[in-house]
Amino acid sequence: MIWTFIVIALFALLLFVVFVSWRAGRLDRLHNRVEAARTALDLAMVRRSSAASELASSGLLDPANSLLLASAVRRAKDADAAERDLAESDLTRALRATFSQPGLRSELDGQDGATELLAEVDAAAHQVFIARKFYNDVAARTIDARRRPLARVFRLSGNAPQPEFFEMDDSIAEDDGARTV
Amino acid sequence: MRIGVACPYSWDVPGGVQQHIRDLTETLIELGHDVSVIAPADDDKPLPDYVVAAGKAVPVPYNGSVARLAFGPLSVSRVRRWVKEGNFDVLHVHEPTVPSLSLLACWVAAGPIVATVHTAMPRSRVLLAAQPVLRSALEKIDGRIAVSEAARTTLVEHLGGDAVLIPNGVATRRYRHADPLTGWPGTGGAIGFLGRMDEPRKGLSVLLRAFEILAPRRENLRLLIAGPGDADEQSLKLPPELRQRALFLGEVTEEDKVRVLHSVDVFCSPNTGGESFGIVTAEAMAAGVPIVASDIDAFHKVLRGGSAGELFATGDAEALAAAAARLLDDPARRAELSVAALAAVASYDWEVVARDVVSVYETVVLGRATVGVAQ
C-alpha cells in the first residue's frame, strides 16, 4: 500500500518537473525571440535613418528641409537607449512633415533617382512599423509568461531582463492613412 | 532703403525672434525705410501691411523642441516670388541656420545679404553633418549681426568669419506704463512669469518649485503666469492646495503682457539656458518691475551683473525662493532695482539699435546691385 503511494507520488513529482522545465524552456525561447525581434527593430530603424539621411543629402529637397531631416537623423543615431524612442519618433515627425509638404511629389517627379529614394524611405519606414509591432507582440507575451505564479515561484526567467515595450510614433503617413509617398 | 526681411518662425506665434523682427521693422519704417517681411503665416489671418505670408508653418521637432517652420516646394516658390518682386536694396535674414524661410531666402537670392543670429547653441554636430547643404546658401551672406556675445560665438563657430554685435532692442516706451490687472498685485505679494509654459528651458518648473517653498509661510503670495502652453498640465505640478493661488493666463496679447508686468511685485526669469539676450527680461526692466533671474550669461549681462536685478543659481529653486523672499520683504530694495533696471534698459531702445542695423545695410550695399533671384 505504502509503496503504491510512493510510486504515485514520485510519478506526480516527475510529471511536475517535466512540466516546469517545459515552461522554463518556453520562457527561454520567448526571451530569445524578444532579443531577435529587438535586433530586427534596431536594424529597421538604422535602415530608415540611412534612407532619410540619403534623402537629406540628395539635393532633391530644399536646404531647409534637408537640414531638418539631417538633424533628426543625427539625433536618432546619437540617442542613447533611454532616448531612442523619442529621437526615433522625432525622425518620424520630420519625415511626415517633409512628405506632407504640398507640391513635393510633383516637384520631385521625374528628377534623377527621386522615385527610388522615396520608395526606399517609405519601405524602410514601413519596416520599422512592422518590426515594432512584432517586437511589442512578443514582448507582451514574454511579460505575461513571466508573471505566471509558476514562473515567479521557480524563477524560471533566470537572469533574463524583463523586456520593455518600444513605444514610438512610427506612422509617416498623414492622419487619414493615405500614403503620401 | 528697400529692405526685405525673412523670418523663420510662424508670425502668429509669439516669440523672441518674431518680436525682434516686428519692432525692428516698425522702427525702420518710422525712420523712413521701406520694409517687407516674409514669414510663415496662415493666409486667412490678418497681418500687418508689411508682412507677406509664406504659407502655414509645420510643427516639427528640431534641436530638441518643437518649432513651427516653413519649408518645401510651396515655401520655396513663395520666397522666390517675393525676392523677385521685392526689388530690395538689401535682404536681411534672421536665424539663417534654422531650417526655414531665412535659409530658403539665402538659397534663392543673389545680392547684398545681411543675417542676424539670435540663439546661442553649443557647437552642433548637426550643423557639421549638414554643412554641404548649408554652406552654399550661407556663403552668400555679406554682413552678419549677432544679438549677443553668446550668439556671436555660436555664429563664429558654425560659419567662421566674424559678426557685428548689435544687441536686441526694447520698445521701452511701450512697456513703461500700463494698468495692472484687476485685483493684482494685491497685498500678499505677487510673482510673475512670461514665456512658453511647456518649454523646459524657460524654467517655469523651477519657479513652481520655488513657489512651493515660499507659499507655506506667505499665505497670500500669488503667482501670475502668462504664455502659450497647456495651463492645466502646469497647474497639476503644484500641490492641490496651492493651485488656487497660481493664475495661469495662457497666451496673452501684447497689451496684456505689459499689464501682467505691472501686476506683480517681482518678475521672475528662471530660464535654464537657450537664451541669448532675454528679451522678456529686458521688457520687464522697461516696465520697471524688480527682477529675479537665473544666472545665465544673457541675464548676467542685461542685468549688469546683478546691479539691475537679483541673480540666482540657474535651476536652483531654493536659491530662487530665497532671492524672491528677500525682494518681497524689502520694498526699498525693490524700488532701487526698479530704477536701476529702467536706467540699464535705456541703452537697448530700438531706435538706437535700428540706426546701428542701418549702418550695416549701408556697408554691404556699397557698390552692389539690388537683390535678385539666383541663377
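Strands β9(B) and β10 (residues 164-165) of chain B pair in the parallel sense over 2 bridges, two strands being counted as paired if DSSP finds at least two bridges between them. Helices (H or I, at least four residues) and strands (E, at least two) are DSSP runs, numbered from the N terminus. The model is predicted: local features need pLDDT of at least 70 and side-chain atom pairs count only at pLDDT 80 or more, while totals for chains, interfaces and linings use all residues. Residues are numbered from 1 along each chain as its sequence is written, and chains are lettered from A and ligands numbered from 1 in the order in which they are written.

In β10(B), B:L165 is the bridge partner of B:A146. Strand β9 (residues 143-146) of chain B is also joined to β8 (residues 113-117) of chain B, in parallel, by 4 bridges; here B:I145 in β9(B) stands opposite B:T116. A further 4 bridges pair β8(B) with β6 (residues 90-94) of chain B, again in the parallel sense, and B:L91 has B:I113 in β8(B) as its bridge partner. The open sheet of chain B has 7 strands in the order β3-β2-β1-β6-β8-β9-β10, with parallel pairing. Because β3 (51-53) and β10 of chain B stand at the edges with a single partner strand each, one side of each has no neighbour in the sheet.

Two helices of chain B lie across this sheet's strands. Helix α1 (residues 16-30) of chain B lies across β1 (2-6), β2 (34-39) and β6 of chain B, at about 160° to β2(B). Helix α3 (residues 101-108) of chain B lies across β1, β2, β6 and β8 of chain B, at about 150° to β6(B). Axes are lines fitted to C-alpha atoms, for helices over the stretch in contact, and angles run from 0 to 180 degrees between N-to-C directions.

The largest nonpolar core has 167 residues, and B:C7, B:A105 and B:A324 have the most contacts inside it. Such a core is a set of buried Ala, Val, Leu, Ile, Met, Phe, Trp, Tyr and Cys residues joined through C-beta atoms within 7 Å, buried meaning that 20 or more other C-beta atoms lie within 10 Å of a residue's own, placed from the backbone. Leaving aside residues up to four places away in sequence, B:A105 touches B:A6, B:V79, B:V83, B:L91 and B:V93, contact requiring C-beta atoms within 7 Å.

Conventions
A residue is buried if 20 or more other C-beta atoms lie within 10 Å of its own, exposed if 12 or fewer, and partly exposed in between; C-beta atoms are placed from the backbone.
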